[in-house]
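Q: I am new to this structure and would like to learn how to read it. Could we go through it together, feature by feature?

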Amino acid sequence: MDAMRLIEASRCALARSQESAAIVAEVWQSQALAQAIGSRLAVAGPPELRGEALGLSELSGRGCAVLDPRQSGTQEIRAAGLTEIGDAHDTLLGLGALLGEVGIALVTVAMGAEDEGVYWQCMEAIDAADESRDRVLEMLRRLAARERNAVSGGGALDRGTCDRVSEGKSPSC
């Protein structure tokens, strides 16, 4: 399955999640997807993205490591279905929006946590999601710079400002 379909599926599943355990499981799925996308871009993506993509993969892996999705009975790893990235720019925009939603969802779980351990796990996962999103923004900046450099004749082609990742379309669940 291509990255955009997996991102959309993750956004929908996260939006539908109501209980803390289900939210944590979907956050874990989203971080696993970010890790897979980062790994794929690090190996086969545009050369100027490879270092940041590797960092994205590592940070998202850290986000997975601090959470325990087994409480909700999650068996299938959605990211395992990743077959292609497609357009890197669009994929990174969607991933950035997903990671922003992950951070918001984790704040909700942390605010309702009765266990101090769960609270601190959420704080670490929020930090990992935020840092992952920063990597996504940097990769979008690099893609925009590459496009500007590729255009001849003085007119710069820019697919929009990279800081507007939150403009990603809302999931149509």
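Q: Which residue forms a salt bridge with Arg11?
A: A salt bridge is a side-chain nitrogen of Lys or Arg within 4 Å of a carboxyl oxygen of Asp or Glu. Here Arg11 pairs with Glu101, and their closest N and O atoms are 2.5 Å apart. The pair joins distant parts of the chain, with Arg11 in helix α1 (residues 3–16) and Glu101 in helix α4, 90 residues apart. Helices are DSSP runs (H or I, at least four residues), numbered from the N terminus. Keep in mind that this is a predicted model, in which local features need pLDDT of at least 70 and side-chain atom pairs count only at pLDDT 80 or more, while totals for chains, interfaces and linings use all residues. Residues are numbered from 1 along each chain as its sequence is written, and side-chain values use heavy atoms, leaving out hydrogens and water.

Q: Is Arg11 buried or exposed?
A: Buried means under 20% relative accessible area, exposed over 50%, and partly exposed in between (1.4 Å probe, protein chains only). Arg11 has 4% relative accessibility, so Arg11 counts as buried.

Q: How many salt bridges are found in the whole structure?
A: The search finds 9. One of them joins Glu52 and Arg142, whose closest N and O atoms are 3.6 Å apart. This pair also links distant parts of the chain: Glu52 lies in helix α3 (residues 50–65) and Arg142 in helix α5, 90 residues apart. Glu52 is buried at 15% relative accessibility, whereas Arg142 is partly exposed at 33%.

Q: Where do Glu138 and Arg141 lie?
A: Both are in helix α5, 3 residues apart, which is about one turn of the helix. Glu138 is partly exposed at 26%, and Arg141 is partly exposed at 34%.

Q: Which residues are linked in a network of salt bridges?
A: The network links Glu52, Arg135, Glu138, Arg141 and Arg142.

Q: At what angle do the axes of α4 and α5 cross?
A: Axes are lines fitted to C-alpha atoms, for helices over the stretch in contact, and angles run from 0 to 180 degrees between N-to-C directions. The axes of α4 (residues 88–112) and α5 (residues 116–150) cross at roughly 160 degrees and come within 9 Å. That makes α4 roughly antiparallel to α5, a word used for angles over 145 degrees.

Note on methods
Helices (H or I, at least four residues) and strands (E, at least two) are DSSP runs, numbered from the N terminus. Angles under 35 degrees count as roughly parallel, over 145 as roughly antiparallel, 65 to 115 as roughly perpendicular and the rest as oblique.
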